[in-house]
Amino acid sequence: MGDAGLVVVALAMAVGLVGIVVPVLPGTVLIGLSALVWAVAEGGAAWAWFAGVAVLLAAGQVCMYLLPGRRMSRAGIGKRTLLLGAVLGVVGFFVVPVLGLPLGFVLGVFLGELAAAADVPDRARRAWRSTVVALRNVGLSVALEGCAALLATGVWVAGALSLR
């Protein structure tokens with residue numbers, strides 16, 4: 001792969017990194033596909049570097065769902081509430097591009113917790129506390145995915161430099 005090809009792969013990975021923070025682009029997928037294109041074009045030892053990228057991205061995906069989910073269930077946020085948050089997040093994504101996903105998720109968690117605590121006094125305060133916990137864990141999820149993506153991109157950079 002020539003220098004122009006490396007620049008295109010690097011730009012695609014940079015867009016993927018932005019896509020992790022801005023939920024319009026599938027950031028992890030874009031980084032993985034960029035590394036795959038590079039490995040196919042380079043061949044040989046590039047496949048070992050690609051395997052490192054793929055393992056890091058996969059580990060990031062597992063961690064970004066398991067750790068925050070476990071923390072939210074420990075905080076007493078039910079699966080039904082999280083499902084409502086996810087559904088309203090998807091709806092919000094299409095209604096209000098980019099910002100609709102987190103806004104819909106927050107609204108869904110709040111409404112789900114509000115409904116779950118129907119017989120509890122001061123239920124709005126309890127629902128808001130659960131929503132704040134969910135928001136913190138969404139931030140943790142983005143941070144975990146971002147760290148994995150940055151590490152994977154670093155592995156690709158090391159591989160590209162070593163094969164030059």
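Leaving aside neighbours within four places in sequence, Thr 28 contacts Ile 20, Leu 57, Gln 61 and Glu 145. Thr 28 itself belongs to helix 2. Its relative accessibility is 11%, so Thr 28 counts as buried, the cut-off being under 20%. The model discussed here is predicted.

### Overall form

The chain contains six helices and zero strands. Read from the N terminus, its elements follow the order α-α-α-α-α-α. The radius of gyration is 19 Å, well over the 15 Å that the globule rule gives for 164 residues, so the chain is more spread out than a compact globule. The C-alpha trace spans about 65 × 30 × 15 Å along its principal axes. Of the 164 residues, 32% count as buried. Among contacts between residues at least 6 apart in sequence, 60% join residues at least 24 apart.

### Two helix pairs

Two packed helices are described by the angle between their axes and the distance between the axes.

The axes of helix 1 and helix 6 cross at roughly 170° and come within 9 Å. Helix 1 is therefore roughly antiparallel to helix 6, since angles over 145 degrees are classed that way. On the helix 1 side the contact is made by Leu 6, Val 9, Ala 10, Met 13, Leu 17 and Ile 20. Helix 6 contributes Val 142, Glu 145, Gly 146, Ala 149, Leu 150, Thr 153, Trp 156 and Ala 160. By class, the residues of this contact are eleven nonpolar, two polar and one charged.

Helix 2 and helix 3 have axes 9 Å apart and pack at an angle of about 170°. By the angle criterion, helix 2 is therefore roughly antiparallel to helix 3. From helix 2, the contact draws on Thr 28, Ile 31, Gly 32, Ala 35, Leu 36, Trp 38, Ala 39, Val 40 and Glu 42. From helix 3, it draws on Ala 46, Trp 47, Trp 49, Phe 50, Val 53, Leu 57 and Gln 61. These residues divide into twelve nonpolar, three polar and one charged. Leu 57 and Gln 61 of this contact are also among the residues that touch Thr 28.

### Nonpolar cores

The largest nonpolar core has 16 residues. Those with the most contacts inside this core are Met 13, Ile 31, Trp 38, Val 53, Leu 57 and Trp 156. Two or more residues of the core come from each of helix 1 (3–21), helix 2 (27–42), helix 3 (46–74) and helix 6 (123–162). A second, separate core of six residues includes Met 72, Ile 77, Leu 82 and Val 109.

Met 13 touches Ile 31, Ser 34, Ala 35, Thr 153 and Trp 156, with residues up to four places away in sequence not counted. Thr 153 and Trp 156 are also listed, with Met 13, in the contact of helix 1 with helix 6. Ile 31 and Ala 35 are listed in the contact of helix 2 with helix 3.

### Accessible positions and C-alpha separations

Ala 115 is found in helix 5 and is exposed, with a relative accessible area of 55%. Leu 25 is placed in the loop between helix 1 and helix 2 and is partly exposed, at 36%. Leu 25 touches Val 15 and Gly 19, when residues up to four places away in sequence are not counted. Val 138 is found in helix 6 and is partly exposed, with a relative accessible area of 33%.

| Residue pair | Separation along the chain | C-alpha distance |
|---|---|---|
| Ala 115 and Ala 127 | twelve residues | 8.7 Å |
| Leu 25 and Val 98 | 73 residues | 9.7 Å |
| Val 138 and Gly 112 | 26 residues | 16 Å |

### A backbone detail

Asp 122 lies in the loop between helix 5 (100–116) and helix 6. Asp 122 has a positive phi of about 60°, although it is not a glycine. Its relative accessibility is 47%, so Asp 122 counts as partly exposed, the range for that class lying between 20% and 50%.

Terms used
Residues are numbered from 1 along each chain as its sequence is written. This is a predicted model: local features need pLDDT of at least 70, side-chain atom pairs count only at pLDDT 80 or more; totals for chains, interfaces and linings use all residues. Side-chain values use heavy atoms; hydrogens and water are left out. A nonpolar core is a set of buried Ala, Val, Leu, Ile, Met, Phe, Trp, Tyr and Cys residues joined through side-chain atoms within 4.5 Å. Buried means under 20% relative accessible area, exposed over 50%, partly exposed in between (1.4 Å probe, protein chains only). Helices (H or I, at least four residues) and strands (E, at least two) are DSSP runs, numbered from the N terminus. Contact means heavy atoms within 4.5 Å. Axes are lines fitted to C-alpha atoms, for helices over the stretch in contact, and angles run from 0 to 180 degrees between N-to-C directions. Angles under 35 degrees count as roughly parallel, over 145 as roughly antiparallel, 65 to 115 as roughly perpendicular and the rest as oblique. Ala, Val, Leu, Ile, Met, Phe, Trp, Tyr, Cys and Pro count as nonpolar, Asp, Glu, Lys and Arg as charged, and the others, Gly among them, as polar. The radius of gyration is taken over C-alpha atoms; the globule rule is 2.2 Å times the number of residues to the power 0.38.
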